[in-house]
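Please look over the sequence and the model shown here before reading on.

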Amino acid sequence: MSELKRVAAINDMSGASRCSLTVAIPVLTAYGVQCCALPTAILSNHTGYDKFFFDDYTDKMRDYYRVWKETGMTFDCIYSGFLGSEEQIDIVDEFIRDFRDSGTRVLVDPVMADDGKIYSTYNEKMCDKMRHLIQYADVITPNVTEACILSGMPYTGEKITIDTARTMAKKIAKTGVETIIITGIKTDDKVINYVYSDGQDYVCISDIIPVYYAGTGDLFASIICGYMAQERSIFDAVTFASKFIARTAQYSYEQGIAPLDGVCFEKFLFEMGK
Ligand code: PXL
């Protein structure tokens, strides 16, 4: 395969808030990786706001990517994020089967829920389908709530320990996923990103900041994808992503950026890809 890497990013386009494709495109570009976008929905902003415009793209996705197949497009990495309907989860499944070859790595960010609650456009059937989809992934990046959904363990709202994270990851690994990265595990003053990869553990600890920014999961997964597309170490990816998010969140907090607006990463993009 060529030195120039190409990613198919299956995610929504939320115009005004920093998440999904408006994060994946700049981050992958900063890594020198071409980001080919397959939109799942067009939104004015993410669904965490009281109001949002939402135009589901399910009916158009197959026709859209069929042209990629017909033109002979290939991908080093397939990266899926926010999915807006049950059928879209089937479409991602089909897309992986259509485009995966021996060198293609698959990253599924199982965007379903946060803080114990599933997103307003999500439902239980979609969670079931996501449990099925992850078996085709090499790497997944659930937050704690999503890891509970995928492992079938209850979300209690209590702080979880590394032992609990390991138990969840081991349960999820039974589906065949090689690397499970559980993000945003909170202690009193730290945030932990926990990696379980092929039976090995890795823990990244950063300082917690007083506000919780939307879209940090998308920023995290996009950085991981940048590393995966270039066949770089997943542990280095998690180390960089953890530090990068801690620093940009701290900066955003100091600048008074509203939590719903996501972290201001734009000024720091030049640090990526080194
Ligand atoms: O950041 C995850 C995400 C992505 N896309 C949309 C969302 C959310 C979370 O709320 O609403 C549209």
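Helices (H or I, at least four residues) and strands (E, at least two) are DSSP runs, numbered from the N terminus. The model is predicted, so local features need pLDDT of at least 70 and side-chain atom pairs count only at pLDDT 80 or more, while totals for chains, interfaces and linings use all residues. Residues are numbered from 1 along each chain as its sequence is written, and side-chain values use heavy atoms, with hydrogens and water left out.

S20 sits in the loop between β1 (6-14) and α1 (21-30). Its relative accessibility is 3%, and it counts as buried; buried means under 20% relative accessible area, exposed over 50%, and partly exposed in between (1.4 Å probe, protein chains only). Apart from neighbours within four places in sequence, S20 is in contact with N11, D12, F82 and D218, where contact means heavy atoms within 4.5 Å. The side chains of S20 and N11 make a polar contact at 3.5 Å. A polar contact is a pair of N or O atoms within 3.5 Å; within protein, one must be able to donate a hydrogen and the other to accept it, and residues adjacent in sequence count only if both atoms are side-chain atoms. H46 is 26 residues away from S20 along the chain, and their C-alpha atoms are separated by 8.9 Å.

S20 is also one of the residues around the ligand, together with D12, S14, C19, L43, H46, T47, F82, V111, Y119, G215 and D218; the criterion is a heavy atom within 4 Å. Three of these residues can be examined by their polar side-chain atoms. That of D12 lies 2.7 Å from a nitrogen atom of the ligand, and that of S20 lies 3.1 Å from a ligand nitrogen atom. The protein covers 94% of the 320 Å² of accessible area that the ligand has on its own, by the Shrake-Rupley method with a 1.4 Å probe.

The other region is helix α5 (residues 144-151). Eight of its eight residues are buried, so α5 is largely enclosed by the rest of the structure. Its buried residues pack against β6 (113-114), β7 (117-118), α4 (124-133), β8 (139-140), α6 (162-173) and β9 (179-186). At the start of α5, a side-chain oxygen of N143 comes within 3.1 Å of the backbone nitrogen of T145. Just after the helix, G152 has a positive phi of about 80°.
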